Amino acid sequence: MSTGYRMQIVPIRTPLGQLHATFEDGVLCSIDLDVPQSNKKAVFNPAAEQLQQQLDGYFADANFIFDLPVRLSGTAFQQRVWTALREIPSGGFCTYGELAARLQTSARAIGNACRCNPVPIVIPCHRVVAASGIGGYSGETGGDKLAIKRLLLAHEGVQF
């Protein structure tokens, strides 16, 4: 059932700064962590309002559980990894190697699937860390994205 939104990019405010969420037919498809600040006004979109409320809920209480309809484009393997990520509780974490052993694959494959996660925060790829430390985030091992991973983990009570 189409809601008439076809494709829409909506700015979302968070304590991390402004993010952009992409919706297709009213269903969340992606969250972009790396966006310049803009004066773009949010257009009313019930799905975006629901995402905003749930992100507000998460940032108010790290134990908040997201319950949003999402459309995830990815391979069958990526889908398996993203499903496993949702099973890691807030305040918990596992290493790429531990998750790889559980899914009978390699740590590098887990890292690649995490890098391709279209809806970070909602699917908590930030809860996967390297055996020797925090690891990377969204394909970066430094800079703003790694700072976001640190902030998300600290918000959940995990320090690196």
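**Chatting through a predicted fold**

Reader: Hi! Let's start with Arg127: buried or exposed?

Author: Arg127 counts as buried, because its relative accessibility is 8% and the cut-off for buried is under 20%. Please keep in mind as we go that this is a predicted model.

Reader: Okay! Which side chain does Arg127 meet in a salt bridge?

Author: That of Glu156, with N to O at 2.8 Å. Glu156 sits in the segment after helix H5 (143-155), while Arg127 is in the loop between H4 and strand E5 (128-129), so the bridge ties together parts 29 residues apart in sequence.

Reader: And is Glu156 buried or exposed?

Author: Glu156 is buried, since its relative accessible area is 8%.

Reader: How many salt bridges are there?

Author: The count comes to 6 salt bridges. Another one of them joins Arg6 and Asp25, whose side chains meet at 2.9 Å, N to O.

Reader: Arg6 and Asp25, buried or exposed?

Author: One of each! Arg6 counts as exposed because its relative accessibility is 52%, where exposed means over 50%. Asp25 counts as buried because its value is 16%.

Reader: Which residues are linked with Arg6 in a network?

Author: Glu24 and Asp25 are linked with Arg6 in a network of salt bridges.

Reader: Nice. What does Glu87 form a salt bridge with?

Author: With Arg102, and the closest N and O atoms are 3.6 Å apart. Here too the pair links distant parts of the chain: Glu87 lies in the loop between helix H2 (76-85) and strand E4 (94-95), Arg102 lies in helix H3, and they are 15 residues apart. Glu87 counts as exposed, as its relative accessibility is 55%. Arg102 is partly exposed, because its relative accessible area is 47%.

Reader: Switching to helices now. At what angle do H3 and H4 pack?

Author: Helix H3 (residues 96-103) and helix H4 (residues 107-115) pack at about 105°, and their axes are 8 Å apart. That angle makes H3 roughly perpendicular to H4, because 65 to 115 degrees counts as roughly perpendicular.

Reader: Which residues make that contact?

Author: On the H3 side they are Tyr96, Gly97, Leu99, Ala100 and Leu103, and on the H4 side Ala107, Ile110, Gly111 and Cys114. Sorted by class, the contact of H3 with H4 has 7 nonpolar, 2 polar and no charged residues.

Reader: And how do H2 and H4 pack?

Author: H2 and H4 pack at an angle of about 85°, with 9 Å between their axes. That makes H2 roughly perpendicular to H4. H2 brings Phe77, Gln78, Val81, Trp82 and Leu85 to the contact, and H4 brings Ala109, Ile110, Ala113 and Cys114. By class, the contact of H2 with H4 has 8 nonpolar, 1 polar and no charged residues.

Reader: What does the side chain of Thr14 reach?

Author: Two backbone atoms. The Thr14 side chain reaches the backbone nitrogen of Leu16 at 3.0 Å, and it reaches the backbone oxygen of Gly17 at 2.7 Å.

Reader: Leaving aside neighbours within four places in sequence, what is Thr14 in contact with?

Author: With that set of neighbours left out, Thr14 is in contact with Leu19, Leu55 and Phe59.

Reader: What about Gln18, where does it lie?

Author: Gln18 lies in strand E2. Gln18 is buried, because its relative accessible area is 15%. Its side chain makes a polar contact with the side chain of His20, at 3.2 Å.

Reader: Last one: what is the place of Asn45?

Author: Asn45 is in the loop between E3 and helix H1 (46-60). With a relative accessible area of 0%, Asn45 is buried.

Reader: And how many Å separate the C-alpha atoms of Asn45 and Ile121?

Author: They are separated by 20 Å, and the two residues are 76 residues apart along the chain.

Key. Residues are numbered from 1 along each chain as its sequence is written. This is a predicted model: local features need pLDDT of at least 70, side-chain atom pairs count only at pLDDT 80 or more; totals for chains, interfaces and linings use all residues. Side-chain values use heavy atoms; hydrogens and water are left out. Axes are lines fitted to C-alpha atoms, for helices over the stretch in contact, and angles run from 0 to 180 degrees between N-to-C directions. Helices (H or I, at least four residues) and strands (E, at least two) are DSSP runs, numbered from the N terminus. Angles under 35 degrees count as roughly parallel, over 145 as roughly antiparallel, 65 to 115 as roughly perpendicular and the rest as oblique. Contact means heavy atoms within 4.5 Å. Ala, Val, Leu, Ile, Met, Phe, Trp, Tyr, Cys and Pro count as nonpolar, Asp, Glu, Lys and Arg as charged, and the others, Gly among them, as polar. A polar contact is a pair of N or O atoms within 3.5 Å; within protein, one must be able to donate a hydrogen and the other to accept it, and residues adjacent in sequence count only if both atoms are side-chain atoms. A salt bridge is a side-chain nitrogen of Lys or Arg within 4 Å of a carboxyl oxygen of Asp or Glu. Buried means under 20% relative accessible area, exposed over 50%, partly exposed in between (1.4 Å probe, protein chains only).
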